[in-house]
Amino acid sequence: MEILKEHRCFGGNVNFWQHDSTTIKTKMKFSTFTPPGEVKGALIWLSGLTCTDENFITKASAQKYLAEKQLMVICPDTSPRGLDLPNEHESYDFGSGASFYLNATTPGYSDHYRMYDYVAFEIYEILNTKFAARNRISIAGHSMGGHGALTIGLKEKDRFKSISAISPIVNPSQIPWGQKAFKGYLGDDQNMWKAHDACELVKSGITHMNPIMIDQGLKDDFLNRQLFPENFQGVCRMAGQELNLRMLEGYDHSYYFISSFIQDHIEFHSEFLK
């Protein structure tokens, strides 16, 4: 692992890293904030379409609140880089910067787009071995990353203490972003898609022992075209999954929204990481 950049911040450190991923089979980047003193827990943050490992760490204004709770954050990149797979760089919502945090099965992509295993196992292990997180790890994300946090957090509930999301894609098999990505990464068999759809997971009985927190802005341009948080609310109600869904007036899909409420999410996770 190699440190590319380092900055002092609220008594702790912001670092930008590069390493040879055994899961992705190419170099991958991630960023971290480590607080001063003992690390009492870690949050994995998954970013959205077109983002890199730098968006959250530079725009979310989270470091002050993480330092106060003695928590660290690790922000993986949103996809493999430096490859040249078919259609990988042709659109913003598939391929580069748009992994959807799953293990692809289609030719070419199956060799490298294994972001589910990268997050759930390789990044998780880095937190334990390099940063002494001692399995006190939670997961959160925004938009496509919110989808990743929900699906990975639900399926790996024994590994992740808590789950939260901001403006998440909750029902990807039913929306244009998800249908395009799933067809490209998983093929035409829609039964395979269900394993990467948070609504379908909860509907099938996969739940988390702790409450899930979701914030959604009511001025989000994607709310009624790609997001549909009420779908997730409905299946959680039927399955008995406790959900705190906050629909917030005037907020959009941007990092202005994330930075306005990231303190609440850090405080939420800190309760389960003690």
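**Burial, ring pairing and contacts**

Student: Is Phe100 buried or exposed?

Tutor: The relative accessibility of Phe100 is 0%. The model is predicted, so local features need pLDDT of at least 70 and side-chain atom pairs pLDDT 80 or more, while totals for chains, interfaces and linings use all residues. Residues are numbered from 1 along each chain as its sequence is written, and side-chain values use heavy atoms, without hydrogens or water. With buried meaning under 20% relative accessible area, exposed over 50% and partly exposed in between (1.4 Å probe, protein chains only), Phe100 counts as buried.

Student: Near what phi does Phe100 sit?

Tutor: Phe100 belongs to the loop between β5 and α3; helices (H or I, at least four residues) and strands (E, at least two) are DSSP runs numbered from the N terminus. Most residues other than glycine have a negative phi. Phe100 is not glycine, yet its phi is positive, near 60°.

Student: Which kind of aromatic pair do Phe100 and Phe182 form?

Tutor: Rings of Phe, Tyr and Trp (its six-membered ring) pair if their centres lie within 6.5 Å, with planes under 30 degrees apart stacked, over 60 edge-to-face and the rest tilted. By this rule the count comes to 16 aromatic pairs. The ring centres of Phe100 and Phe182 are 6.2 Å apart and their planes stand at 75°, so the pair is edge-to-face.

Student: How many residues apart in sequence are the parts that this pair ties together?

Tutor: Both partners, Phe100 and Phe182, are buried. Phe100 lies in the loop between β5 (71–76) and α3 (109–112), whereas Phe182 belongs to helix α6 (residues 176–186). The pair therefore ties together parts whose separation in sequence, in residues, is 82.

Student: Which residues form one aromatic cluster with Phe94?

Tutor: The cluster contains tyrosines as well as Phe94.

Student: Against which elements do the buried residues of α4 pack?

Tutor: Helix α4 spans residues 115–130, and its buried residues include Met115, Tyr118, Val119, Glu122, Ile123, Ile126 and Leu127. An α-helix has 3.6 residues a turn, so residues three or four places apart point the same way. Packing is judged by contact, meaning heavy atoms within 4.5 Å. By that criterion, the partners of the buried α4 residues are β2 (12–20), β3, β4 (41–46), β5, β6 (137–142) and α5 (144–155).

Student: Which residue just after α4 takes a positive phi?

Tutor: A positive phi in a residue other than glycine also occurs at Phe10, near 50°, in the loop between β1 (2–9) and β2. Just after α4, a positive phi of about 55° is taken by Ala132.

Student: Which residues does Thr34 touch, not counting residues up to four places away in sequence?

Tutor: Thr34 lies in strand β3 (residues 27–34) and is buried, with a relative accessible area of 15%. Its C-alpha is 15 Å from that of Pro76, 42 residues away along the chain. With residues up to four places away left out, Thr34 touches Gly12, Asn13, Met72 and Phe131.

Student: Is Met209 buried or exposed?

Tutor: Met209 is found in the loop between α8 (198–203) and β8 (212–217). Met209 touches Lys157 and Phe160, not counting residues up to four places away in sequence. Its C-alpha is 24 Å from that of Ala132, 77 residues apart in sequence. With a relative accessible area of 52%, Met209 is exposed.
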